[in-house]
Amino acid sequence: MKKAEEIFQILKDNFPESNLELKNDQPTEAILIAPPLEIDKISLFLRDSSELLFDSLMNLSGVDDPKALLLSVYYHLESTKLKHKITLKVSTDRNKPEVSTVTEVWKGADWHEREAYDLFGIIFLNHPDLRRILMPYDWDAGYPLRKDYENPEFYQGMKVPY
Amino acid sequence: MPQDSVLNTKSSAVRTEEMVLNMGPQHPSTHGVLRLELTLEGEIVSKVVPHIGYLHRCFEKHCEAMTYPQIVPYTDRMDYLAPMGNEFGYAIAMEKLLGIQVPERVEYIRVIMAELQRISSHLVALGTYGADIGAFTPFLYCFIDREKVLNLFEITCGARLLYNYIWIGGLSHDLHPDFVRKTLEFIKEFRPNLKEVNDLLSHNRIFIDRTANVGILPIDTAINYGVSGPNLRGSGIKWDVRREDPYSIYHKFDYDIPVGEGKYGTVGDSWDRYYVRVLEMEESCKIIEQALEQLPDGDVQSAIPKRIKPPVGHVYARVENPRGDLGYFIISDGSTSPYRVKVRAPSFVSMQVLNELCKGYMVADVVTILGSIDIVLGEIDR
């Protein structure tokens with residue numbers, strides 16, 4: 001079982017060129033901030049490194065931050081063998097939201113990433129099947145969980161606001 | 001065992017073609033509105049693509065427009081077979097963020113309710129699973145007992161299905177004076193009934209032939225997909241949030257974590273997933289009995305905050321719901337409504353493994369496998 005600081009140190013030693021950061025100012029868990037385009041490599045290392053073994057992705061959620069012009073993705077990881085947990089966060093430009101997919105690492109990420117794409121418009125690069133999931137496939141009025149989203153007046157000729 | 005591909009067994013002179021079959025959205029065995037796009041080679045499934053979202057009610061979007069206590073009744077409507085568990089998880093997440101310590105009586109009552117809910121939810125899972133496969137009688141037996149649990153909820157909070165009972169910091173009502181007696185009576189009646197269901201369904205030769213060795217889920221695949229709850233334990237790993245990431249007062253009780261053993265087939269087949277649920281109900285009875293015995297006195301509303309305004313930050317908390325690991329990720333911006341709420345619904349995650357499980361089986365086995373995963377569309381679509 002490892003603490004967030006130790007996990008951060010291990011990652012820093014193995015990815016000296018990546019821009020990693022540990023934020024400890026939260027009332028609950030610490031967050032480890034990683035670069036969005038390297039998250040696949042970092043995830044693979046987290047899963048396969050014998051002292052970390054993060055074999056399970058508990059949760060993956062998109063978050064919108066219009067003030068900072070950012071879209072973020074939070075990854076909650078857990079090791080079922082070593083019983084430790086960590087929260088990762090990546091932030092990407094709101095106008096060009098691109099994050100590497102982690103579906104190769106944890107297959108369960110597939111639908112979570114599709115949901116983040118569906119509701120926030122985050123593009124997961126190299127995702128095998130990036131389609132809308134909860135909204136209709138032909139929804140073209142934007143991404144509903146973005147803070148500046150507005151309902152369209154009509155969808156397929158049906159009036160939306162009721 | 002998965003069947004060999006038709007293409008390999010027939011001579012090459014016979015022209016074969018893949019066929020796409022839509023199962024649902026209005027199919028009785030899909031337990032709600034779910035569409036499965038099956039790709040078939042003859043009667044053998046080569047690919048399953050689930051299409052979800054028919055029941056999407058924008059839970060996460062609604063949360064951003066409501067105050068924290070207003071969200072509680074909405075959580076009921078996700079996994080509508082286990083609303084107590086949903087409320088429990090939300091309350092735990094909020095209490096962690098706010099730093100509230102709830103009175104001991106509240107913790108005990110919450111555990112009793114969550115375990116009663118587990119029994120009622122598993123009874124629906126068992127009953128409908130039997131009905132999917134063609135055994136209609138056990139369905140009725142299960143629903144008689146479920147009805148009794150719903151009666152217990154009714155005398156507690158007035159509602160039978162959607163309770164709004166577990167609030168942030170407390171409960172909406174204290175227990176009814178008759179609750180302890182009636183619950184003990186229920187457990188006394190329930191144990192022999194459970195045996196009857198076992199005789200009718202679990203060890204029924206026809207049922208075993210339909211479920212054993214069908215839809216085998218290896219442990220590594222299950223963990224990689226994030227499958228949790230009885231589906232994961234059916235694969236033979238003793239992994240339960242109540243043990244691995246203890247919350248509330250579960251550490252005070254003595255209970256087992258049943259796992260699949262491959263009694264009639266291979267470890268991790270549909271029968272194992274089914275039978276883990278049967279065994280879990282007995283463990284829930286044990287927890288309820290112990291909790292009722294130790295139930296302390298106290299005020300169940302003393303810790304409910306007048307105004308809920310959590311500090312800026314985020315929290316992730318989870319509980320073991322009947323369908324698995326239910327997680328709440330809440331981000332607060334310091335105002336009275338959340339900035340973001342994300343729910344990690346156990347069925348949403350378990351559903352992804354369906355394609356892996358169904359490959360190589362017959363169309364009729366898709367119904368068996370889907371029933372053994374025990375999904376609730378309300379929480380998949382939210």
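**Figure 1. Three strands of chain B make an open, antiparallel sheet.** In this predicted model, the strand order of the sheet is 6-7-8. At the edges sit strand 6 (313-321) and strand 8 (340-344) of chain B, and each of them pairs on one side only. Going from one strand to its neighbour, the average turn is 15°, with direction ignored. Zoom in on strand 6 of chain B and strand 7 (residues 324-332) of chain B: the two run antiparallel and are joined by nine bridges. If you want one bridge to look for, pick Gly313(B), whose partner in strand 7 of chain B is Ser332(B).

**Figure 2. A five-stranded open sheet in chain A has mixed pairing.** Some background on the chain comes in handy here. Chain A has three helices and nine strands, and along the sequence they follow the pattern α-β-β-α-β-β-β-β-α-β-β-β. Its C-alpha trace spans about 55 × 30 × 30 Å along the principal axes. Within the sheet, the strands line up in the order 1-2-5-4-3. Strand 1 (21-23) and strand 3 of chain A each have a single partner strand, so each is left with one side that has no neighbour in the sheet. The twist from one strand to the next averages 25°. Strand 4 and strand 5 of chain A pair in the antiparallel sense, with nine bridges between them. One of the pairs to look for is Glu78(A) with Lys85(A), its bridge partner in strand 5 of chain A.

**Figure 3. Helix 1 and helix 2 of chain A lie across strands of the chain A sheet.** Helix 1 (residues 4-14) of chain A lies across strand 1, strand 2 (31-34) and strand 5 of chain A. It runs at about 170° to strand 1 of chain A. Helix 2 (residues 39-48) of chain A lies across strand 2, strand 4 and strand 5 of chain A. For helix 2 of chain A, the angle is about 170° to strand 5 of chain A.

**Figure 4. Chain A and chain B bury about 3500 Å² between them.** Of that area, 54% is on carbon and sulfur atoms. On the chain A side, Trp111(A), Leu134(A) and Leu145(A) supply 19% of the area buried against chain B, more than any other three residues. Counted by contacts, 45 residues of chain A meet 38 residues of chain B.

**Figure 5. Six salt bridges are found across the interface of chain A and chain B.** Side chains of opposite charge can pair when their charged atoms come close. Here, Lys85(A) forms a salt bridge with Asp245(B), and their closest N and O atoms are 2.6 Å apart. Which parts of chain A touch chain B? Strand 3 (56-65), strand 4 (70-78), strand 5 (85-93) and helix 3 (109-120) of chain A each supply at least two residues. Strand 3 of chain A gives the most, with 10 residues. Sorted by class, the side of chain A that touches chain B has 20 nonpolar, 11 polar and 14 charged residues.

**Figure 6. A salt bridge within chain B joins Glu104(B) and Lys252(B).** The N-to-O distance between these side chains is 2.4 Å. Glu104(B) belongs to helix 5 (residues 104-133) of chain B, while Lys252(B) is in the loop between helix 11 (241-244) and helix 12 (270-294) of chain B, so the pair ties together parts that are 148 residues apart in sequence. Over all chains, the structure holds 42 salt bridges.

Note on methods
Residues are numbered from 1 along each chain as its sequence is written. Chains are lettered from A and ligands numbered from 1 in the order in which they are written. This is a predicted model: local features need pLDDT of at least 70, side-chain atom pairs count only at pLDDT 80 or more; totals for chains, interfaces and linings use all residues. Side-chain values use heavy atoms; hydrogens and water are left out. Two strands pair if DSSP finds at least two bridges between them. Helices (H or I, at least four residues) and strands (E, at least two) are DSSP runs, numbered from the N terminus. Axes are lines fitted to C-alpha atoms, for helices over the stretch in contact, and angles run from 0 to 180 degrees between N-to-C directions. Contact means heavy atoms within 4.5 Å. Buried area is the accessible area (1.4 Å probe) that two parts lose on being put together, summed over both. A salt bridge is a side-chain nitrogen of Lys or Arg within 4 Å of a carboxyl oxygen of Asp or Glu. Ala, Val, Leu, Ile, Met, Phe, Trp, Tyr, Cys and Pro count as nonpolar, Asp, Glu, Lys and Arg as charged, and the others, Gly among them, as polar.
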